Amino acid sequence: MMRIPIADVSSRANHTDSWRILRPDIDYSRCIRCMICWKFCPDNAINVSESSEIKSPNERVARLEAPVIDMDYCKGCGICANECPEKCIEMSYESRGGN
Amino acid sequence: MSGEVHDMPFSIPREEFMEPGHTACHGCGATLAMRYVLKALGKNTVVSVPASCWAVIPGAMPNRTLDVPMVYTPFAATGASITGLRAAFDILGKEDYNVVGFAGDGGTADIGLQSLSGAMERGHNVFYIMYDNEGYMNTGVQRSGSTPYGAETTTTPVRAEKNFKHQQKKVVADLMMAQGVPYVATATVAYPEDLIRKIGNAKKIVGPKFIQVLSPCPTGWYFPTEKTVEISRMAVQSGMFPLYEYYDGKLRVTKPSRPVSIREYVSAQDRFLHLEDEDIERLQATVDQRMKTLLDKERETSGA
């Protein structure tokens, strides 16, 4: 049988966190869970979490699922912070140990 | 498609067919285009990709980033490739599979135009998505037929002679409309709901479907990576990239809801940094003219 090359290792194996210069942080006490950051993430690095432990501005919002940034894959482009209607995502310089 | 599309807060389908860990640049518009297209089409889809940014975004062998099969095809052959894939699926009795050509603007407006035109003319039941980043971005920002007037690229360097691109953008969606393709639309990544709705409309048509998706490129348009969606929105609101949909012989144009001037659009990107007032006025005039032509055609085809 002819063997043809098929790529079948998910790119999840390839962490892209070292690409990040700016790091996004969500201030959950102001996040209204509109999911606009999730919608516009080109790296698909924002997951949806059902955890009830995440802070929220009020009880109604606390019942909604929350966006959680996966720092293994976030490249720090900043689209989430730019599009956030509540401006509750802050970009700051990434600090990794060793410098 | 799931019924939750219009539910708040999720305005687009939740299921993902593109995985993280791909090697696209920061703030890439083309990856957003692929993400939305696959959300709209679902699992039973095969994507054919020629040489383009998307040929390198999945990473090196043996990595893949899509959860649907992706076929690599020679630069000029996207149209031929989807023709063959469609025929193979039909022989296997898998008529419900979506066959999608996903090519950049170089592989569509320049190098792949003949095979695209041929595939559309033969009338196969395929999608052709052109993600338009207005240049050969993968190979280092060279000018393409789809690069707009006034843009600096590495093959139209500005320097003292003001050698920016002096020709107008070739809009492939307009060509497809002139060719009589049953479904033609333009969309952009700032309006994913609109893009997904358009693919839903296209899906109802058995025949060739062409959608041009403007995908801003921070690397090649020289703007900050966080501005991708903002620039994409401004392209529509300034009239630089009008959104429309054409099927059943009728054209429907989306009028800008919060218009901005061309000056605002070009000053947000450094590829237009060198433009002087007269150049911007010339660009504004052609944009206005094109919008007028589209609105005239909309009136003409509405049957009123």
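All views show a predicted model.

**View 1. The cis peptide bond between B:M61 and B:P62.** The peptide bond that joins B:M61 to B:P62 is cis, with omega at about 5 degrees. In chain B, the loop that holds B:P62 runs between helix 2 (53-56) and strand 2 (63-64).

**View 2. Strand 1 of chain A beside strand 2 of chain B.** Strand 1 (residues 9-10) of chain A and strand 2 of chain B run parallel and are joined by two bridges. Within this pairing, A:V9 stands opposite B:N63, a residue of strand 2 of chain B.

**View 3. The contact between chain A and chain B.** Chain B gives 31 residues to the contact and chain A gives 32 residues. On the side of chain B that touches chain A, the elements that give two or more residues are helix 1 (29-41), strand 2 and helix 9 (228-237). Sorted by class, this side of chain B has 13 nonpolar, eleven polar and seven charged residues.

**View 4. Positive phi at B:E134 and at B:V141.** B:E134, which is not a glycine, has a positive phi near 60 degrees, and B:V141, also a residue other than glycine, has a positive phi near 60 degrees. B:E134 lies in the loop of chain B between strand 5 (127-132) and helix 6 (172-179), and B:V141 is likewise found in the loop between strand 5 and helix 6. B:E134 counts as buried because it has 29 C-beta neighbours inside 10 Å, and B:V141 counts as buried because it has 24, the cut-off being 20 or more.

Conventions:
Residues are numbered from 1 along each chain as its sequence is written. Chains are lettered from A and ligands numbered from 1 in the order in which they are written. This is a predicted model: local features need pLDDT of at least 70, side-chain atom pairs count only at pLDDT 80 or more; totals for chains, interfaces and linings use all residues. Helices (H or I, at least four residues) and strands (E, at least two) are DSSP runs, numbered from the N terminus. A residue is buried if 20 or more other C-beta atoms lie within 10 Å of its own, exposed if 12 or fewer, and partly exposed in between; C-beta atoms are placed from the backbone. Two residues are in contact if their C-beta atoms, placed from the backbone, lie within 7 Å. Ala, Val, Leu, Ile, Met, Phe, Trp, Tyr, Cys and Pro count as nonpolar, Asp, Glu, Lys and Arg as charged, and the others, Gly among them, as polar. Two strands pair if DSSP finds at least two bridges between them.
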